[in-house]
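Welcome! Please take a moment to look over the sequence and the 3D structure shown here before reading on.

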Amino acid sequence: IHSAVSKIYTVCKGIGLILLSWWILSLCIGERFFPSPFTVFPLFIKLTPNILAMHAAKSIFRIGIGLIASGIIALPLGIAMGRNKALDAVLTPANYLLYPVPKIALLPVVLLIAGLGEASKITIVFLVLFFQVLVSVRDGTKNIEPDYIIQIKTLGAKRRHILLYVILPSLLPGLFSSLRVATGTAISVLFFAETFSGSTGLGFYIMDAWIRVAYGEMFAGILTISILGLGLMSLE
């Protein structure tokens with residue numbers, strides 16, 4: 001109980017510091033261009049049930065589909081690369097060649113190929129998460145001690161047993177850590193994708209509010225993205 005209370009206290013201190021800094025900046029810059037928390041929070045509460053919830057749901061849907069698709073493809077492929085030297089020798093150079101490329105740089109290509117609809121937004125999220133998962137799973141699989149696999153084989157384990165009881169448990173901690181980083185990057189990239197096309201998503205909503213000089217609504221959208229990111233990282 002003491003540990004939980006201490007953790008909550010630490011989180012509250014961090015949130016308090018952010019709110020204090022936000023309020024001070026509002027005083028220095030001016031309420032008109034940099035609305036204070038006292039202006040944004042009531043507006044956030046007012047807009048959430050209908051407008052913000054709808055845009056947030058669209059963004060969550062795109063991130064969720066991208067996350068599921070990347071896991072379905074990258075997880076077995078990464079395990080296969082980590083276990084099969086021939087396959088690893090062929091795919092790893094290509095993987096490390098493409099992995100450092102900023103995925104936002106591929107956005108024009110994705111828009112050209114997938115169009116301006118949902119497919120392009122989901123694809124750009126998929127690309128961010130896919131390479132992160134692939135690198136994490138491949139490296140994690142290669143770093144598993146061979147003795148663990150030998151010992152379980154001597155007990156009569158089949159391939160599925162090795163996968164379920166050795167490989168996957170060894171991969172999960174590193175995989176969740178990499179997904180924390182990748183999810184934040186995916187939200188950032190999705191923001192840009194949503195500003196290019198369509199009329200839904202938090203990226204569209206924030207830029208639309210900025211164009212309309214509705215800075216209170218813009219900050220309410222930014223607050224929604226922050227809460228969305230916090231929620232996704234907490235799930236992992």
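## Before we start

This is a predicted model, in which local features need pLDDT of at least 70 and side-chain atom pairs count only at pLDDT 80 or more, while totals for chains, interfaces and linings use all residues. Residues are numbered from 1 along each chain as its sequence is written, and side-chain values use heavy atoms, with hydrogens and water left out.

## The nonpolar cores

Let us begin on the inside. In soluble globular proteins, nonpolar side chains tend to be buried together. A nonpolar core here is a set of buried Ala, Val, Leu, Ile, Met, Phe, Trp, Tyr and Cys residues joined through side-chain atoms within 4.5 Å. Buried means under 20% relative accessible area, exposed means over 50%, and partly exposed is in between, using a 1.4 Å probe and protein chains only.

The largest nonpolar core has 38 residues, and Ile-124 and Ile-162 have the most contacts inside it. Two or more residues each come from helix H2 (37-83), helix H4 (107-114), helix H5 (118-142), helix H6 (146-154), helix H7 (159-196) and helix H9 (215-235). H7 provides the largest share of this core, twelve residues. Helices (H or I, at least four residues) and strands (E, at least two) are DSSP runs, numbered from the N terminus.

What does Ile-162 touch, not counting residues up to four places away in sequence? Its partners are Ile-149, Ile-152, Lys-153, Ala-157 and Ile-167, where contact means heavy atoms within 4.5 Å. There is also a second, separate core of 16 residues, which includes Val-40, Leu-52, Tyr-205 and Ile-206.

## Aromatic rings

The structure holds seven aromatic pairs. Rings of Phe, Tyr and Trp (its six-membered ring) pair if their centres lie within 6.5 Å; planes under 30 degrees apart count as stacked, over 60 as edge-to-face and the rest as tilted. The pair of Trp-22 and Phe-219 is stacked, because the ring centres are 6.1 Å apart and the planes are at 20°. This pair links distant parts of the chain, with Trp-22 in helix H1 (residues 2-29) and Phe-219 in helix H9, 197 residues apart. Trp-22 and Phe-219 are both buried.

Another pair, Phe-191 with Phe-192, is edge-to-face, at 5.6 Å centre to centre and 85° between the planes. Phe-192 is partly exposed, with a relative accessible area of 42%. Elsewhere, ring pairs join Trp-22, Phe-34, Phe-41 and Phe-219 into a cluster.

## Salt bridges

Side chains of opposite charge can pair when their charged atoms come close. How many salt bridges does a search of the whole structure find? The search finds seven, a salt bridge being a side-chain nitrogen of Lys or Arg within 4 Å of a carboxyl oxygen of Asp or Glu.

Arg-62 takes part in a salt bridge with Glu-118 (2.7 Å, N to O). Glu-118 lies in helix H5 and Arg-62 in helix H2, so the pair ties together parts that are 56 residues apart in sequence. Arg-62 also forms a salt bridge with Glu-194, with the closest N and O atoms 2.7 Å apart. That pair links helix H2 to helix H7, across 132 residues. Both Arg-62 and Glu-194 are buried, whereas Glu-118 is partly exposed, at 30% relative accessible area.

Arg-212 and Glu-217 meet in a salt bridge too (2.8 Å, N to O). Salt bridges that share partners also join Asp-88, Arg-138, Asp-139 and Lys-142 into one network.

## The largest pocket

A pocket is found on a 1 Å grid over the protein atoms alone: it is an open set of points where a 1.4 Å probe fits, with protein on both sides within 12 Å along at least five of seven lines, and lining residues have an atom within 4 Å of a point. Grid points are joined across faces, edges and corners, and a volume is the space filled by probe spheres set on the points.

The largest pocket has a volume of about 390 Å³. Of its 14 lining residues, Ile-18, Leu-19, Trp-22, Leu-223 and Ser-226 lie nearest its centre. H1, H2 and H9 each give two or more residues to the lining, and H9 gives the most, with six.

Ser-26 sits in helix H1 and is buried, at 4% relative accessibility. Leaving aside neighbours within four places in sequence, Ser-26 is in contact with Glu-31, Phe-34, Pro-35 and Ser-36.

Leu-106 is in the loop between helix H3 (85-98) and H4, and is partly exposed, with a relative accessible area of 30%. Leu-106 touches Val-101, Ile-124 and Leu-127, not counting residues up to four places away in sequence. Leu-106 and Ile-124 are 18 residues apart in sequence and 7.9 Å apart in space, C-alpha to C-alpha.
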